[in-house]
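Visitor: I would like to go through the contact between two chains. Please show the sequence and the structure before we start.

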Amino acid sequence: MRKISLSNLDKVFALIAENAKLYIPVDGKGGASFKLWEQGVKMSDALNTVRSAKDFFFPQMETLMEFKTEGKNIEIIDNRSEKEDFVVFGVRACDAKSFEILDRVFLSEPVDTYYASRREKGVIVSLACGKPAETCFCKTFGIDPSNPAGDITAWKTETDLYLNANTEKGEKLLSSISSLTEECDEKVVEEQKQKISAIMDKLPLKNVSTEKFGVGKTKEYFDSPAWDELSSHCLGCGTCTFVCPTCQCYDIKDFNTNKGVQRFRCWDSCMYSDFTLMAHGNSRASQKERFRQRFMHKLVYYPDNNDGMFSCVGCGRCLAKCPISMNIVKVMKILGGKEND
Amino acid sequence: MQKITRDILIEKAEKLLSDGTVSRVLGWKKGEFSYDLTPAVFTEVNDIKENFVFDDFSGANFSKYLVKETRKGDGKILVFLKPCDTYSFNQLLTEHRFDREKVYAIGIPCDGMVDIDKIKKMVGDGLVSVDAQTNTLKVETLYDGIKEVEKEKVLLERCANCKSKKHVAYDELIGEEGEVIQSARFDEVAKIEAMSPEERFAFWQNELSRCIRCNACRDVCPACTCEKCVFDNPNSGVQNKAPANSFEEQMFHIIRAFHVAGRCTDCGECSRVCPQHIPLHLLNRKFIKDINEFYGEYQAGEEQGSRAPLVNYTKEDLEPSEAVNRGDN
């Protein structure tokens, strides 16, 4: 375990930024977001960023390749951009867990090489949550906000930052800043862990349980009459899916530049009317079916295909952002029954 | 002004359901916390008694919901409309978007709805409950005990700049009728107008660059009721799910502002739901301000069936060259 005074944090950032692009959460008009660190950029104290950290590995839009045509010749242009080393500092426990969920999708065969190279180039420094919000329910999914995953885990106190490397990549980064940090014991961190754990027991959503969901539950819930009411006022916007750290659906489209074609990939949303639209039409014609898809995917289909792992991390972003305040907690409580309260 | 409470609305709903005037009630259902109400349709009195909520977080404008709800089931649906909601209600009727016969509308007075994000900004993390009985909200937090917040400081933008306490449509009104208000809602627009073109571009670039194209502004907008939006139609050539570059975001929002020009009642739902806090209402207000200045005062939705100046030719209309002159500024 290493520690550094918060007053020296800028020096650490400067040192890291010498070798890689460094992104930290920064306050802005719409809330906190990850921004490129430069001299003078201050780290946000916000619990979480509006958009999740998945953007670093699975950006909302990326050009996959370009084509140029001349007569009958077609030239394929490799303009891949995911080639830089980068460090993301201040990732919370929920987002840190989301990478594991995304890895299972993008790194299983056939490997998504765009995602894979970003994962390879990126170093995650996670930060324990001193003040979880009322919308937090990461514990439901077995996540410990006092000890987040990541290449390095960090704990922030009033005066210091404590750092512990969890992976080889993390060790390397930590040793590169060793001139600014000092070795320390784990006493302060242990105290903070206990404090966070005590807060977790007070959170209003502490009893939300996954017990009723998971592997083999498709038949139990697919035709539930509850979907009608749950989905009846869904606006069909993409807010929940776009702020979600684990939503992973995308679309690939061609953009005609008149000089050629840009093939790009962008996030898709199961809430949209053209989600999985095919030549024959749409297999999920109503908003109810699309709404159901999102929650069944998180709570049943994904666990079915991934050894029981759920694809929600309880970050609470959809709770805070849904225009009609409909969200996965309400779905779990209504489908799962009273004992989920 | 009569303080509208949950009990008054429940009593009304119960009576109208029981005597068969309506078969369904559109209302707000309680959530996990004290602020996350969800729009819901109630058909049972017991369900209403248990779950119907009306408080300072009942901000949603229900007018647009009537487009879908009047197509479902038999009988009438009861809807509670705040003054600003009634302008959207009228505008939708002007555009023949729902069957008036299938709605029983009760106008309810409103002294402003609050913005939970503004409260959170003031009290910090971990908001457990909000007691909104009086104009001083008592906010319980996990980390700082109970804090008091003045309601007028945390009003939704549209309520801080409320344009009318008057209901322009209803079947029945609870309480006394209010007045149209001379609000300061165009002040912010005037500030942007006073900017240099470069400053103005930078202002909007900064705001719109946060857009994630979730389409919540469009989906909640009572003026956006196309059966199939051009941006959702793969055959339109402009359908896009992602902001491919910053120009596209501007295109989406500016096209939308043009499309609702003369029809937007300035209900403010777009800005209320934006997950990125983009002040989208300012785009619409710019159009409203221009229309007022060019063609005389016009408030969309004020009168059912009124023709907006943009679709109503008169000989006194402004010459198009006027726009070119203004472009020189």
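**The interface of chain B and chain A**

Guide: In this predicted model, A:E134 and B:K120 form a salt bridge, with the closest N and O atoms 3.2 Å apart.

Visitor: What is the count of salt bridges between chain B and chain A?

Guide: The cut-off for a salt bridge is 4 Å between nitrogen and carboxyl oxygen. The pair A:E134 and B:K120, at 3.2 Å, is a salt bridge. Between chain B and chain A the count is five.

Visitor: Which element of chain B supplies the largest share of the side that touches chain A?

Guide: Elements that each supply at least two residues of this side include β1 (24-29), β2 (38-42) and α8 (197-208) of chain B. The largest share is four residues, and the element it comes from is β2(B).

Visitor: How many charged residues does the side of chain B that touches chain A have?

Guide: On the chain B side, 46 residues are in contact with 48 residues of chain A. By class, the side of chain B has 22 nonpolar and eight polar residues, and its charged residues number 16.

Visitor: What area is buried between chain B and chain A?

Guide: In chain B, the residues that lose the most area to chain A are B:E32, B:Y143 and B:K241, together 19% of what that side buries. Carbon and sulfur atoms give 53% of the area buried between the two chains, and that area is about 3900 Å².

Visitor: What ipTM does the model score?

Guide: For chain B, the mean pLDDT is 92, and 96% of the residues reach 70 or more. The model scores pTM 0.94 and ipTM 0.93.

Note on methods
Residues numbered from 1 in each chain as written. Chains lettered and ligands numbered in written order. Predicted model: local features only at pLDDT ≥ 70, side-chain atom pairs only at ≥ 80, totals over all residues. Heavy atoms only, no water. pLDDT = per-residue confidence, 0-100. Contact = heavy atoms within 4.5 Å. Buried area = accessible area lost by both parts, 1.4 Å probe. Salt bridge = Lys/Arg side-chain N within 4 Å of Asp/Glu carboxyl O. Nonpolar A, V, L, I, M, F, W, Y, C, P; charged D, E, K, R; others polar.
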